[in-house]
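Student: I would like to go through a structure with you, starting with its strands and then turning to its charged pairs. Could you show it first?

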Amino acid sequence: MGASLSLDQARRIALAAQGLDKGRPAGPVTARAVGRTFDRLHLVQIDSVNVLARSHYLPFFSRLGNYDRAILHRMASSHPRRMTEYWAHEASFIRPDHFPDLLLWQNRKWVGAAGMDPELRTGVATKILDELAKGKPLTAAEITARIGHVEDRRTDNWGWNWNAVKRVLEHLFEDGLVSASSRTDQFERRYTLTEKVYATFDGGGGTHADPAAAMDRLIDAAARAHGIGTVGCFADYFRTPMKAAAIAVENLVNLGALEHVSVRGWNRPVYRHVESRLPRKATGRALLSPFDSLVFERRRLEELFGFHYRIEIYTPEAKRRFGYYVLPFLLRDGIVARVDLKADRAAGQLLARAAHAEPGAPADTAVELAAELHLMAEWLGLDEVVVSPAGDLAPALAEAVAAYGTGLSALREQA
């Protein structure tokens, strides 16, 4: 057994690995800073909910503050791509170097066309691949029109009521034959042949043909992103099988990349990446997306931070405890509050529909959260923050938001 760590030390290791242990950089956020942040995280999860902002935008705001989202568009759609799409922790933007390894372990056949008639699937796939080979990337709707596909639409909501073309496209995406070249303004994928996205992709052969070596690389990346964790934590990062992940962890221990440690109060085997940092203190502040990689693994989140968290998007409104789109609020080395947020773009308002403090939240929680909300409103191009009375933190937050706004107005007048 290696070093014995306190829970506070384990938290600081985890925060440093995720780039959340210190304040944001001063000055304008550069494309290089965004790229470095993504390289550190290895992936960001994609989700279609847009009540606040698309989920993949939020982790960069959490770590960098007010940045230009167009940087991400260029990283994902222009050669040489710094981020590409594939299945990882659910649908995700990933580092391109992880694609061949993930392809070897991909097993999400429920999404696409595995249940279709094989003859129909093959026929549609041939037409799709022929059409994509001709030229520019196309959406599912554009491909449907190009190949002249017509069918009676199903009404049982299977596969989100996709037609056969969309189902086969997703099947080809799962198999690595087609990839997402970019997204439309409506967030639809534009599909193209995989070799047009990954210029050096060899179809999964070459140095990436060994599944065991691929798993070692994925678990090493997950351990770097976590800094510290269990086999379950590391397996969950890319949603890899537990048994194979456990073998990879032992391989990495033997190679000296991971070390056994003990964390007081954490009664599962714990491993620390040897290149992880342990800062003397944590000074960061961030609102975290429900899909942020710090909060991916709920058991880990509760063991490390004492924070019980569930997404309530699919919970009936009357049964929700905290709200529809609730973001945890990280302050220094603790998750101290949660706030239900919505961007009312028509009114130019960032709505804090409910705000709840965690037990033992520090005295400056409302003041710090108010500053964070104003920063988020600025980033989203919204004019003001509006706090509803729901939640035990709401009265103090409303007061702090008003005071912050008054102080900001005074500074603008002086300027």
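Tutor: What follows is a discussion of a predicted model.

Student: In what order do the three strands of the open sheet lie?

Tutor: The order is β2-β4-β3, with antiparallel pairing.

Student: Which strands stand at the edges?

Tutor: Those are β2, residues 43-45, and β3, residues 84-88. Each has a single partner strand, so one side of each has no neighbour in the sheet. From one strand to the next, the twist averages 40°.

Student: And how many bridges join β3 to β4?

Tutor: Five bridges join β3 to β4, the strand of residues 90-94, and the two run antiparallel. Within this pairing, T84 stands opposite I94 in β4.

Student: Which helix packs on the sheet?

Tutor: Helix α2, residues 31-41, packs there and touches β2 and β4. The direction of α2 makes about 85° with that of β2.

Student: Changing topic: how many salt bridges does the structure hold?

Tutor: It holds 24 salt bridges. One of them is formed by R189 and E85, whose closest N and O atoms are 2.9 Å apart.

Student: Where do R189 and E85 sit in the chain?

Tutor: R189 belongs to strand β6, residues 189-193, while E85 belongs to strand β3. The pair links distant parts of the chain, 104 residues apart.

Student: Is R189 buried or exposed?

Tutor: R189 has a relative accessible area of 10%, so it is buried. E85 is buried as well, with a value of 4%.

Student: Which residues are linked in a network with them?

Tutor: The network of salt bridges links E85, K166, E170, R183 and R189.

Student: What does R268 pair with?

Tutor: R268 forms a salt bridge with E303, with the closest N and O atoms 2.7 Å apart. This pair also connects distant parts of the chain: R268 lies in strand β9, residues 266-273, and E303 in helix α13, residues 298-305, 35 residues apart. R268 is buried, at a relative accessible area of 18%.

Student: What about E358: which side chain does it meet?

Tutor: The side chain of E358 meets that of R338 in a salt bridge, at 2.9 Å from N to O. E358 is in the loop between β13 (349-357) and α14 (365-380), whereas R338 is in strand β12, residues 334-344. They are 20 residues apart.

Student: How accessible are E358 and R338?

Tutor: E358 is buried, with a relative accessible area of 14%, and R338 counts as buried at 5% relative accessibility.

Terms used: Residues numbered from 1 in each chain as written. Predicted model: local features only at pLDDT ≥ 70, side-chain atom pairs only at ≥ 80, totals over all residues. Heavy atoms only, no water. Pairing = 2+ DSSP bridges. Helix = DSSP H or I, 4+ residues; strand = E, 2+ residues; numbered from the N terminus. Axes fitted to C-alpha atoms, helices over the stretch in contact; angles between N-to-C directions. Contact = heavy atoms within 4.5 Å. Salt bridge = Lys/Arg side-chain N within 4 Å of Asp/Glu carboxyl O. Buried < 20%, exposed > 50% of the residue type's maximum accessible area, 1.4 Å probe, protein only.
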